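Q: Could we go through this structure together? I would like to begin with the contacts between side chains.

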Amino acid sequence: EQPDMDGMFLSNDILAAQLHSFALSQGLRIPDDLRIIGYDDIYISSLIYPPLTTIRQNYSVLAETALENVLAQINGETVEEVTVIPVELIERKTT
């Protein structure tokens, strides 16, 4: 439906892997015709060919921050409404 589209960012690596498979079945060359970025950096993203470019979250910092915020709320402290945890781009061969 979008002939000028040359890339997609998917909300997780499973969807990105499904798009990857579908694109190849339609004769598209990755990344020449279509660039794909996933999110999560699950194990499969490095196994497919070409390997998936993805975003990696720092789960330990995410969990630690969540726990600190919950404990602060239990203790009656005010916590920020939004907390930004940095992520990392894992650049492989789909971009």
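Q: What kind of contact do the side chains of Asp-33 and Arg-29 meet in?
A: This is a predicted model. In it, the side chains of Asp-33 and Arg-29 meet in a salt bridge, with 2.9 Å from N to O.

Q: How many salt bridges does the structure hold?
A: The structure holds six salt bridges. One of them joins Asp-6 to Arg-35, and their closest N and O atoms are 3.5 Å apart.

Q: Which residue forms a salt bridge with Asp-41?
A: Asp-41 forms one with Arg-92, and the closest N and O atoms are 3.0 Å apart. This pair links distant parts of the chain, since Asp-41 is in the loop between β2 and β3 and Arg-92 is in the segment after β4 (87-90), 51 residues away.

Q: Is Asp-41 buried or exposed?
A: Asp-41 is buried, because its relative accessible area of 15% falls under the 20% cut-off. Arg-92, at 21%, counts as partly exposed.

Q: Which residues are linked with them in a network?
A: Arg-56 and Glu-88 are linked with Asp-41 and Arg-92 in a network of salt bridges.

Q: Changing topic: how many aromatic pairs are there?
A: The structure holds one aromatic pair. The ring centres of Phe-9 and Tyr-39 are 6.3 Å apart and the planes meet at 85 degrees, so the pair is edge-to-face. Phe-9 is in strand β1 (residues 7-9) and Tyr-39 in strand β2 (residues 35-39), 30 residues apart.

Q: Which residues form the nonpolar patch on the surface?
A: The patch consists of Ile-14, Ile-42, Tyr-43, Ile-44 and Leu-47, which together have about 510 Å² of accessible area. Tyr-43 is in the loop between β2 and β3 (53-57) and counts as exposed, at 65% relative accessibility.

Q: Finally, how many residues does helix α2 have?
A: Helix α2 (residues 59-74) has 16 residues. From its first C-alpha to its last it reaches 22 Å, close to the 22 Å expected. The helix is followed by Gly-76, whose phi is positive, near 80 degrees.

Note on methods:
Residues numbered from 1 in each chain as written. Predicted model: local features only at pLDDT ≥ 70, side-chain atom pairs only at ≥ 80, totals over all residues. Heavy atoms only, no water. Helix = DSSP H or I, 4+ residues; strand = E, 2+ residues; numbered from the N terminus. Expected span 1.5 Å × (residues − 1). Phe/Tyr/Trp six-rings, centres within 6.5 Å; stacked < 30°, edge-to-face > 60°. Patch = residues over 30% accessible without salt bridge, like charges linked within 9 Å, V, L, I, M, F, W, Y side chains within 5 Å. Areas by Shrake-Rupley, 256 points an atom, 1.4 Å probe, with all protein chains shown as cover. Salt bridge = Lys/Arg side-chain N within 4 Å of Asp/Glu carboxyl O. Buried < 20%, exposed > 50% of the residue type's maximum accessible area, 1.4 Å probe, protein only.
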